[in-house]
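This briefing concerns the open spaces at a protein's surface and the residues around them. Please view the sequence and the model together while reading.

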Amino acid sequence: GWVYQNQSLESIPETAKSFVYSITNLISNKKYIGFKLFYFARYQTTKGKRKRIFVESDWRDYWSSCVALKTDVLTLGTESFSREILYLAPNKAIGKYLEARLQMDLRVLENPEMYYNGIVNCRISKQHLKQLGGVK
């Protein structure tokens, strides 16, 4: 499962919509820094009206979008990895910003022997970051 602040995270914190995480290969100590939404937006039509609803994502069983990491998880088994939530974010934009900031700070692309990450991708407006002070 996921660990947040040294405790197992079993349910979604009330104010969180997304999170930034680290998955660590316990054998090689190689890491992956990523981002995940707790909820997906879906649309439902009721009585002719289209309404946006939010459903829980696959966050509990998620092992990143990184093919190399997922291959190692299949080969070595989930017990050879730890999954830690580093930041909880109140929305997608702040979560994506924190992911990119951490990836840059750690220089994940410059250290392929230490990180699985092969791309840093972001497009964030300063308007999206007004709530940044509320990040845990």
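The model is predicted: local features need pLDDT of at least 70, side-chain atom pairs count only at pLDDT 80 or more, and totals for chains, interfaces and linings use all residues. Residues are numbered from 1 along each chain as its sequence is written, and side-chain values use heavy atoms, with hydrogens and water left out.

**The largest pocket**

- Of its 20 lining residues, Y32, F35, S65, K96 and E99 are the closest to the centre; a lining residue has an atom within 4 Å of a point.
- β4 (31-37) and α2 (92-106) each contribute at least two lining residues, and β4 gives the largest share, five residues. Helices (H or I, at least four residues) and strands (E, at least two) are DSSP runs, numbered from the N terminus.
- This lining has ten nonpolar residues, six polar and four charged. Ala, Val, Leu, Ile, Met, Phe, Trp, Tyr, Cys and Pro count as nonpolar, Asp, Glu, Lys and Arg as charged, and the others, including Gly, as polar.

**The second largest pocket**

- The volume of the second largest pocket is about 200 Å³.
- Its lining includes K17, L37, Y39, R52 and N91.
- β5 (39-46) and β6 (49-56) each supply at least two lining residues, with the largest share, three residues, coming from β5.
- Five residues of this lining are nonpolar, one is polar and three are charged.

Key: 1 Å grid on protein atoms, 1.4 Å probe; cavity = no way out; pocket = protein on both sides within 12 Å on 5 of 7 lines; lining within 4 Å. Points joined across faces, edges and corners; volume = space filled by probe spheres on them.
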